[in-house]
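Have the picture open while you read.

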Amino acid sequence: SLLISRGYDVKSFTNSQEALREFQQRPESYNIILTDHNMPHMTGVELAREVRALRQDVPVVLSSGYIDDALLASARSAGVREVISKEADFDELATLMSKLASSQLDRGG
């Protein structure tokens, strides 16, 4: 993965329920959650809501191919920190991840 090449420790899941189970077992092991909105079994917004119920301080980034006002509103209400287009280039994603990782370190996370 390109994020691994930038020094990030990445765990990836193709199923949101598997991702949530892993987070539930080790919530302290995660500094940032990056999720696609259209995942099998639950949307990225639903996953964000579940993650934030367990740990309020973890930033959640939602990626979607179609971003509209309704998605932005539901993401915001679920505690999603950033919404990024699937069309975003890697440098934009890497910059966002770096910014969020720095803010986590500033908070002691």
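Start at valine 80, which touches Ala48, Val60, Leu62 and Ala75, leaving out residues up to four places away in sequence. Contact here is heavy atoms within 4.5 Å.

A quick word on where this comes from: it's a predicted model, in which local features need pLDDT of at least 70, side-chain atom pairs count only at pLDDT 80 or more, and totals for chains, interfaces and linings use all residues. Residues are numbered from 1 along each chain as its sequence is written, and side-chain values use heavy atoms, with hydrogens and water left out.

Val80 also belongs to the largest nonpolar core, which has 16 residues; Phe23, Ile33, Val45, Val51, Val60, Leu62 and Val80 touch the most other members. Such a core is a set of buried Ala, Val, Leu, Ile, Met, Phe, Trp, Tyr and Cys residues joined through side-chain atoms within 4.5 Å. Buried means under 20% relative accessible area, exposed over 50%, and partly exposed in between (1.4 Å probe, protein chains only). In soluble globular proteins, nonpolar side chains tend to be buried together.

Which element gives the most to this core? That's α3, with four residues. Helices (H or I, at least four residues) and strands (E, at least two) are DSSP runs, numbered from the N terminus. There's also a second, separate core of eight residues, including Ile32, Leu93, Leu96 and Met97.

| Helix | Buried residues |
|---|---|
| α3 (residues 44–54) | Gly44, Val45, Leu47, Ala48, Val51 and Arg52 |
| α2 (16–25) | Ser16, Ala19, Leu20, Glu22 and Phe23 |

Looking down the axis of α3, you'd find its buried residues within an arc of 155 degrees, so they line one face of the helix. For α2 the arc is 160 degrees, so its buried residues line one face too. The arc is that of the directions from the helix axis to the C-beta atoms. The cover over the buried residues of α3 includes α2, β1 (33–36), β2 (60–64) and α4 (69–77), while β1 and α3 are among what covers those of α2.

Next, the sheet. Its three strands form an open sheet in the order β1-β2-β3, with parallel pairing. Two strands pair if DSSP finds at least two bridges between them. The edge strands, β1 and β3 (82–85), each pair on one side only. Four bridges join β2 to β3, and leucine 62 stands opposite valine 83 in β3.
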